[in-house]
Amino acid sequence: MPHMPVETQVENKYLEFKQSSIHNYGAFAVKPIRKGARIIEYVGRPLTKKKAQAALQDGNAYVFTINKHFDIDGEVPWNPARFINHGCEVNAESDVEDDRVWIIATRNIKKGEEILYNYNYDLEDAFDNPCYCESKNCMGYMVGEDYWPKLRKQIAKRDKKSK
Ligand SMILES: [Zn+2]
């Protein structure tokens, strides 16, 4: 058994955490999950907007926007949800309800499937966040679906320049 981070051992009825071919560790269904189910809560330490900005600048990739007043830092040992990978073809989404973040199944998920949701990053710094999800429709970068048309244009422009 390789040495696993302590987060991966937090008990969750739907998930196990193990090495993923996409990136680092991933979350995999240990039993079928119904569409609409709350798979896991994304938890963390509350941060003021100011502290969240500083954390982001330090390269903390686990800051999650909660509301106008605060964010959470998910880089804590009690948050295995931070290992769930981004994907371009997803089976889950993040949803903020009453200032809590849930990862929710967007379709029925089979036992053994890796859980993926779109991190919804905006276009800024898109090219710094490559995606390795290996889906047929992978955009190549971790960007929210709303931005995909713009991202396609940016990629076309960049590729033209490099010729
Ligand atoms: Zn992708």
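## Polar contacts between the domains

A polar contact is a pair of N or O atoms within 3.5 Å, where, within protein, one atom must be able to donate a hydrogen and the other to accept it. In this predicted model, that rule finds 4 residue pairs in polar contact across the interface of domain 1 and domain 2, both residues of each pair being at pLDDT 80 or more. On the side of domain 1 that touches domain 2, the residues divide into 7 nonpolar, 2 polar and 2 charged. The count of salt bridges between the two domains is 0.

## Domain layout and buried area

The domain assignment of the protein chain places residues 6–43 and 78–161 in domain 1, and residues 44–74 in domain 2. The C-alpha centres of domain 1 and domain 2 are 19 Å apart. Contact between them involves 11 residues of domain 1 and 12 residues of domain 2.

About 950 Å² is buried between domain 1 and domain 2, with carbon and sulfur atoms giving 58% of that area. Of the area that domain 1 buries against domain 2, 47% is supplied by Tyr42, Arg82 and Asp99, more than by any other three residues.

## Arginine 82

Arginine 82 sits in the loop between strand E6 (70–73) and strand E7 (85–86). Its relative accessibility is 14%, so arginine 82 counts as buried, the limit being under 20%. The side chain of arginine 82 makes a polar contact with the side chain of tyrosine 62, at 3.2 Å. Leaving aside residues up to four places away in sequence, arginine 82 touches Glu7, Tyr42, Tyr62, Gly74, Glu75 and Val76.

## Salt bridges

Side chains of opposite charge can pair when their charged atoms come close. The structure holds 6 salt bridges. One of them joins arginine 100 to glutamate 41, with the closest N and O atoms 2.7 Å apart. Arginine 100 belongs to strand E9 (residues 100–105) and glutamate 41 to strand E3 (residues 38–42), so this pair ties together parts that are 59 residues apart in sequence. Arginine 100 counts as partly exposed because its relative accessibility is 42%.

Glutamate 113 forms a salt bridge with arginine 107, the closest N and O atoms being separated by 2.9 Å. Arginine 107, at 34% relative accessibility, counts as partly exposed. Aspartate 159 and arginine 158 also form a salt bridge, with 3.2 Å between the closest N and O atoms. Aspartate 159 has a relative accessibility of 33% and therefore counts as partly exposed; arginine 158, at 31%, counts as partly exposed.

Terms used:
Residues numbered from 1 in each chain as written. Predicted model: local features only at pLDDT ≥ 70, side-chain atom pairs only at ≥ 80, totals over all residues. Heavy atoms only, no water. Domains from an automatic or database assignment. Contact = heavy atoms within 4.5 Å. Buried area = accessible area lost by both parts, 1.4 Å probe. Salt bridge = Lys/Arg side-chain N within 4 Å of Asp/Glu carboxyl O. Nonpolar A, V, L, I, M, F, W, Y, C, P; charged D, E, K, R; others polar. Helix = DSSP H or I, 4+ residues; strand = E, 2+ residues; numbered from the N terminus. Buried < 20%, exposed > 50% of the residue type's maximum accessible area, 1.4 Å probe, protein only.
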